Amino acid sequence: MHLLDIDQLRTFVAIADTGSFTRAADVVHKTQSAVSMQMKRLEDRIGRPIFERDGRLSKLTEEGERLLDYARRIVRLNAECMASFNDNELVGRVRLGLPDDYADRYLPEILARFSRSNPKAEVTVVCEPTHNLIERVQHGDLDLAIITHVDRRGPSEIVRIEQLLWVTSGRHAVHEESPIPLALGRPNCDWRHSATEALESADRAFRIAYVSWHSTAVGAAVLAGLAVSVLPESAVRPGMRILGPSDGFPALPSCKIGLIRARGGENPLADALGFHIKQSLDNLGSTRPLLAPAAE
């Protein structure tokens, strides 16, 4: 009987979540050739193909989809098992910041995992836009933060990559209006810049109808049929319809989600929370069936 390799499964999950072999290589800190070799060995181990070509794209086979479900559970249980044998119980307070867009989707899993391993630790959570969080971390007001990574703002540890998507109400046709009414973040929001630049490049008329820092307010405008917006893939809610080129909406760039930490001495609690953040985001699924080519 062949035993599955945890490291290969972790890489396989990273490919499914990031959408490509190249981006997965960054997540698991391996070269692209090493990732490709791992997937070949994984296919040899289970005796079934897990990827298939569709033109220039690769996608999971039926066997690959079945394996992905097992892989997520195995990787998660492995991490939880190792954490349960950690005799150094951590006590104290750790301060985490993240935008509310990410809090809705990621925070429940992160806090559940962290509290199981560190039941005596206190977590203080601050929800603010990325640029505020970066300043807070730099000033020592936060121990770590989950942010939207943009190169010009400085380095961060990329922990997840998602596709930005156009969304509208599934029950309305506001996306057919001209100019297109948009619900977006404040003027310094990077998703807002991506949306307006894409529409300008496509020569589509638009107007800013609703502005908010909070994803709940933006989502409410979309679901009410009042505006179109852009969201990362995991933030798309029931009742929303995804728009694409066939609807006249140009493709958007991917959204890099990064982790930043405060400078200073050792902080075991922040290190432990950072570990669970990376594990939690690694375990979250992707709704996209298509994967980018192995070579990009």
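How many nonpolar, polar and charged residues does the lining of the largest cavity have? In this predicted model, that lining has 11 nonpolar, nine polar and four charged residues. The count comes to two cavities of 30 Å³ or more.

**Largest cavity**
- The volume of the largest cavity is about 350 Å³.
- Its lining is made up of 24 residues, and Asp-101, Gly-185, Cys-189, Trp-191 and Trp-213 lie nearest its centre.
- At least two lining residues come from each of α5 (100–117), α6 (130–138), β7 (180–184), α7 (190–201), α8 (215–223) and β9 (229–232).
- Strand β9 gives the largest share of this lining, three residues.

**Second largest cavity**
- The second largest cavity holds about 50 Å³ of space.
- Its lining consists of Ala-14, Asp-17, Thr-18, Val-27, Val-159, Arg-160, Ile-161, Leu-281 and Asp-282.
- By class, these are five nonpolar, one polar and three charged residues.
- Each of α1 (6–18), β6 (157–169) and α9 (268–283) supplies at least two residues of this lining.
- Domain 1 (6–85) and domain 2 (91–285) each contribute at least three residues to the lining of the second largest cavity.

**Contact of α2 with α3**
- Helix α2 (residues 21–28) and helix α3 (residues 32–46) have axes that come within 8 Å and cross at roughly 100°.
- Angles of 65 to 115 degrees count as roughly perpendicular, and α2 and α3 are therefore roughly perpendicular to each other.
- On the α2 side, Phe-21, Thr-22, Ala-25 and Val-28 make the contact, while α3 contributes Gln-32, Val-35, Ser-36 and Met-39.
- The residues of this contact comprise five nonpolar, three polar and no charged.

Note on methods. Residues numbered from 1 in each chain as written. Predicted model: local features only at pLDDT ≥ 70, side-chain atom pairs only at ≥ 80, totals over all residues. Heavy atoms only, no water. Axes fitted to C-alpha atoms, helices over the stretch in contact; angles between N-to-C directions. Helix = DSSP H or I, 4+ residues; strand = E, 2+ residues; numbered from the N terminus. Parallel < 35°, antiparallel > 145°, perpendicular 65-115°, else oblique. Contact = heavy atoms within 4.5 Å. Nonpolar A, V, L, I, M, F, W, Y, C, P; charged D, E, K, R; others polar. 1 Å grid on protein atoms, 1.4 Å probe; cavity = no way out; pocket = protein on both sides within 12 Å on 5 of 7 lines; lining within 4 Å. Points joined across faces, edges and corners; volume = space filled by probe spheres on them. Domains from an automatic or database assignment.
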